[in-house]
Amino acid sequence: SAPNAHPAIACGEQLHGTEWKKQLVKTINQSLANSFVLFMDAVNPLNATVTNFSFLHEINANKHLTCIIDDSHGMGLLGPFAQGVSHFVPALDNIDYVFTYSLSKAFHINAGAISCSKKISHLLRETPFYAASTPIMPAMVYAFIEGQPIYLRQLKKLQHNIADFIKLIGDIEGIGYCPPLPMFILKNEWDQKNFDPHNIIISSFAYPNTSSNKVNRVVLNALHTKQDLFKLSGVINQLHNESL
């Protein structure tokens, strides 16, 4: 399991540190075993980063790797057609990909999904987890399929909002963001109470458990107007100036 892998997929020994990719490649290439399973996230929503998968090219071609990737925060957002991180991962003969994701993030559909090869799909369909799961409502499936052009139009609006907001907040020190993502990590001391007087709701909660420190984030969507962005950026700039 890669560092900070989502609890839904994390399994086995957890890798740690900033050098985990080098550690992983070295361990696999030097191992006597020929088959491995790697669990990792496509996007880390706690620090607004997208995983760089280029290190997979360094794994020896005679080593088979199954990559189970949680793409809940990338699906519907990343890639030219909102297909998620599958657009960016290396297409290598010795790697099988299994993408797991929630459809309730970008698409607002109450369902989860798995994208994988037919071989792996057949194996999953034989498990009790598949047989016992609740299927998505047919009406939602219809709306999802027929609404694809709408989703793409809204994605363009969101991308414009992200670009505009980055210009508005400038280079305020202490705010973390990655341009493809609509999330902006705020300073620890800026939580919901700072935004309540302005009738603004941010994402502010302890994660991964209630005893953890709060993660305070601005999360944009396609429905935010330019007036919303001006108001929000004005409050953030005010908080920044007060902290100087």
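**View 1. The open sheet of four antiparallel strands.** In this predicted model, four strands in the order E7-E8-E10-E9 form an open sheet with antiparallel pairing, where strands are DSSP runs of E of at least two residues, numbered from the N terminus, and two strands pair if DSSP finds at least two bridges between them. Strand E7 (176-177) and strand E9 (203-206) lie at the edges, each pairing on one side only. Local features need pLDDT of at least 70 and side-chain atom pairs count only at pLDDT 80 or more, whereas totals for chains, interfaces and linings use all residues. Residues are numbered from 1 along each chain as its sequence is written, and side-chain values use heavy atoms, with hydrogens and water left out.

View 2. Strand E8 (residues 183-185) runs antiparallel to strand E10 (residues 214-219) and is joined to E10 by three bridges; Ile185 stands opposite Arg217 in E10. Helix H5 (residues 148-169; helices are DSSP runs of H or I of at least four residues) packs on the sheet and touches E7, E8 and E10, contact meaning heavy atoms within 4.5 Å.

**View 3. The largest nonpolar core.** This core has 59 residues, and Ile69, Phe195 and Ile236 have the most contacts inside it; such a core is a set of buried Ala, Val, Leu, Ile, Met, Phe, Trp, Tyr and Cys residues joined through side-chain atoms within 4.5 Å, buried meaning under 20% relative accessible area with a 1.4 Å probe and protein chains only. H5 gives the most to this core, with six residues. Among the residues that Ile236 touches, not counting those up to four places away in sequence, are Phe165, Trp190, Phe195 and Val218.

Definitions and conventions:
Axes are lines fitted to C-alpha atoms, for helices over the stretch in contact, and angles run from 0 to 180 degrees between N-to-C directions. Buried means under 20% relative accessible area, exposed over 50%, partly exposed in between (1.4 Å probe, protein chains only).
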